[in-house]
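User: Hi! I'm new to this one, could you walk me through it?
Analyst: Happy to, let's have a look together.

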Amino acid sequence: MSAVSEARSELISTNPADGSEVGRVQISPPEEVSGAVAHGRDVFERWKRTPFAERKRLVMRAREVIVAEMDDIALLISQESGKPVAEALSLEIAPVLDLMQWIARSAEKMLRPRRVGIGLFSLMGRSSRVIYHPLGVIGIIPAWNYPFSIPLGEAAMAVMAGNTVVIKPSELTPFVGLKIGEIFEKSGFPKDVVQIISGAGETGAALVAAQPDKIVFTGSLTTGRKILATAAENLTPVVLELGGKDPMIVFEDADMEMAADAAVWGAFCNSGQNCSAVERLYVQKDAAEELTALIVERTKRLVQGPGDGEDVSIAAMSSERQIRIVEQHVDYFCEAGAEALVGGKRAEVEGLENDGQNLFFQPTVITGATNDMRPMREETFGPILPIATFTTEEEAIALANDSDYGLTASVWTRDYAKGRRVAEQIEAGTVCINEVLYTHGIGQTPWGGFKKSGLGRTHGLEGLMELVKPQHIHTNRIALLPDAWWMPYSPTATETFRQFATKFATGSLFKTASMLPQLLRRIKELLKNRQQS
């Protein structure tokens, strides 16, 4: 976590586990932010002409730098975000390394010019192709919960597409952001292809106001709305990933042991601070007692403590602000008639000197939850697993869709036909069948949500398309005769257009052939008009 100093000139980064200072980072003033975007645009003019082979070489070299420093990077991530070192390795470093090798090897093929079928127009000697141009400067504003994998993965995709990048890391994890800049520098990227600016919300606002060619933001709905409003003033396109309230549906025919393991990991990894965490579990009534008992038993076995402990599963949360939200949600549940079977309060971690600070919250299992309870509708972003019940398939779908969010969801059943049927009716950007949470780590697949979970996509082909602008090139290879739809118009033209609508536009070669006499009359008319002019 971090704080802004009284002089508002530096960020003070502290370890959430014990409050110790990690270090201090100078805040980038507004003029430096706008200068970074302007300079990024100058560098872009050279970088966009860099061959794909060289881009690939540099991204793969960046992977080598990460691998060589992997343990140090994992410890830094843990120190600034609070998460266990094990999760820094499994949920941040390993996934982004996989994304980097995939995009380095695949970008050129995915961005290759492609021919577009244009139907009967091709019989007129016409052809169309689409080519892809990089956008320019991509402004990346990531969240604090995945300070390494999110911005680094998005930056790797952006530079492979030919863009330059300006990253404003979260104020809670500024040193992780600086490490990303260092990785690109050590790997030999030209200076300022990737730039890092540091600061809190004001710095992020300055980046949006500096009018980069696209903003990619991960964070809260409230901040996303502000970014969208500012970006709209300049018509700056945006990709927004704004969180979720993700449901897990467990049918009575599911493997309960597997479902329990998945629910515990899906709800509690990274102390529940995942936009795709399981924040609502719906279990079929006849299986509720068994599944709940298994979840409680597994939750009680989890070790909680500082993130550098190799056996620690639940570490500190990121900030006092976030842990208070969790406390409020537990109180709301209990006041509404739900019950905390395990957890429900801050954890006392033995032997930890933290100067009165305690950002450890016990993993908490709630039963008796219903959708009309406030915490079932607001994003918690903490280690709470509320359990509700359903009777029918239709009810499960309705409960899952009863949310303003739609990022991810999961369906658990041994009946795969039913799993697919239910999955296709859930309003979410990603739905897993007998899996949960981890698909952000599959860089080849699109990431993003429905409803208030955001706009656009990162990762996958769809995410790559967000980083380029398609250009359509249309060619007439038989430019000998005037087009029938050219001026001047006449009764012959009107009848020709009528046949275009009723015959040519059907896509039928047979019907189109029947209009050839009319088409020839129109062409002769245009040639005659040309001779008379």
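User: What should helix α4 span at 1.5 Å a residue, and how far apart are its end C-alpha atoms?
Analyst: This is a predicted model, where local features need pLDDT of at least 70, side-chain atom pairs count only at pLDDT 80 or more, and totals for chains, interfaces and linings use all residues. Residues are numbered from 1 along each chain as its sequence is written, and side-chain values use heavy atoms, with hydrogens and water left out. Helix α4 covers residues 85-110, and its 26 residues should span 38 Å, which agrees with the 35 Å between its end C-alpha atoms. The expected span is 1.5 Å times one less than the number of residues, and helices are DSSP runs (H or I, at least four residues; strands are E, at least two) numbered from the N terminus.

User: Where is the kink in α4 centred?
Analyst: On A104, with a kink of about 35°. The bend is the angle between axes fitted to the seven residues ending at a residue and the seven starting there.

User: New topic: which residues lie nearest the centre of the largest pocket?
Analyst: W144, G219, S220, T223 and R321, out of 44 lining residues. A pocket is an open set of points on a 1 Å grid over the protein atoms alone, where a 1.4 Å probe fits, with protein on both sides within 12 Å along at least five of seven lines; lining residues have an atom within 4 Å of a point.

User: Which element gives the most to that lining?
Analyst: α8, with seven residues.

User: And which one gives the most to the second largest pocket's lining?
Analyst: That's α17, with four residues. Among the 22 lining residues there, L123, M124, R126, L516 and L519 lie nearest the centre.
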